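Open the model in your viewer and colour it by secondary structure. We'll start with the whole chain and then go from stop to stop.

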Amino acid sequence: MDTYQLTPSNLGYFVFKATDLYAWQTFCTDIIGMQLSKLSNDNALYLRLDNQQQRIVIEKSKDDDLSAVGWELASEQALDKLVDHIQSSGVAITQADADFCKQRGIEKAFVCTDPNGVNHELYFAAAIVPLSDAFRSSVLKSSFLADRLGAGHYVAIAQQAEATKHFYQQILCLRLSDYIRGEVAPGGPILDATFLHTKTGRHHSAAFAQMPFPKKLHHFMVQVDDINDVGLACQRCKDAGIPLFMELGHHPNDQMFSFYAQTPGGFGLEIGWGGIIIEEDNWETKTYSQLSDWGHQHPEE
């Protein structure tokens, strides 16, 4: 069955749990260039990448990890059709109440949980700020590439690869982009990662892989419009003493130029530029043997 009509439009937002909201606020605004939403309080940070009310929610917790991701549907009808599909597939899904939707800045939502314990919040009609409150970054030369493409992407740690594959492709109806199967570095561990996209075509909004990592995700990614903003963010991380997962480099599958910094939560944040957009009717799935065709070295190498 072709489930393309059920596929979400984009990955609309991330929700993280955090033990230190102050560290996250400094990291996201002063180093990365996000904008703090007026909704932020002592228990949660709401961060903007564009003119949507929020793209990243960071909630006070005793843990540091991924809590949920939000998948945007183009209409209420599209949302209801995907929910019907999920229910008919035997997966438990519940409708969120009005307080939840107000907190997330959306009109209507349903929530289900994947095999790795991450909540997936399906919704439509995200809140947009007034024109007088247009997105402003204190450090970026350009802006983030979000809007219709969504917040970015993430790479999940799959405890059960086959169950995770079934959930993402058959339940959420994400589309297969490609695979990377090969050594992360010469003589290093083997990476077996699957990359998936939504209707608006960011090369991947989600990916999953089995690897030894203590979180529910390895990293999430935000994309900038100016290549210089990648280098400038990398330099700000180094100047602030923020550890890097990987130095500047380039991925062969999504054509992204990027680097990876360690977030206050212990997982990674990729800052990227130049990722390709998939045209669904003109796309050929491939398997790559390299994570990076140049660069992306660990700082200690």
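How many helices and strands does the secondary structure of the protein chain come to? Five helices and 18 strands, where helices (H or I, at least four residues) and strands (E, at least two) are DSSP runs numbered from the N terminus. Before you click further: this is a predicted model, local features need pLDDT of at least 70, side-chain atom pairs count only at pLDDT 80 or more, and totals for chains, interfaces and linings use all residues. Residues are numbered from 1 along each chain as its sequence is written, and side-chain values use heavy atoms, with hydrogens and water left out.

**The whole chain.** Show the C-alpha trace, which spans about 50 × 45 × 40 Å along its principal axes. Now colour by burial: 55% of the 301 residues are buried (under 20% relative accessible area; exposed is over 50%, partly exposed in between; 1.4 Å probe, protein chains only).

**Helix 1.** Select residues 21-32, twelve residues that reach 15 Å from first C-alpha to last, close to the 16 Å expected at 1.5 Å a residue (that is, 1.5 Å times one less than the number of residues). At the start of the helix, a side-chain oxygen of Asp-20 comes to within 3.2 Å of the backbone nitrogen of Tyr-22. At the other end, helix 1 is followed by Gly-33, with a positive phi near 105 degrees.

Next, bring up the open sheet of ten strands, in the order 17-10-11-12-9-13-16-15-14-18 and with mixed pairing (two strands pair if DSSP finds at least two bridges between them). Strand 17 (287-288) and strand 18 (294-295) are at the edges with a single partner strand each, so one side of each has no neighbour in the sheet. Zoom in on strand 11 (190-197) and strand 12 (206-209), an antiparallel pair with four bridges. Here Leu-196 stands opposite Ala-206 of strand 12.

Contact here means heavy atoms within 4.5 Å; axes are lines fitted to C-alpha atoms, for helices over the stretch in contact, and angles run from 0 to 180 degrees between N-to-C directions. Its buried residues include Phe-167 and Tyr-168, and Cys-173, which follows the helix, has a positive phi near 65 degrees. Finish at helix 5 (227-239), lying across strands 14, 15 and 16 and running at about 25 degrees to strand 15.

How values were computed:
Polar contact = N/O pair within 3.5 Å; in protein donor to acceptor, adjacent residues only side chain to side chain.
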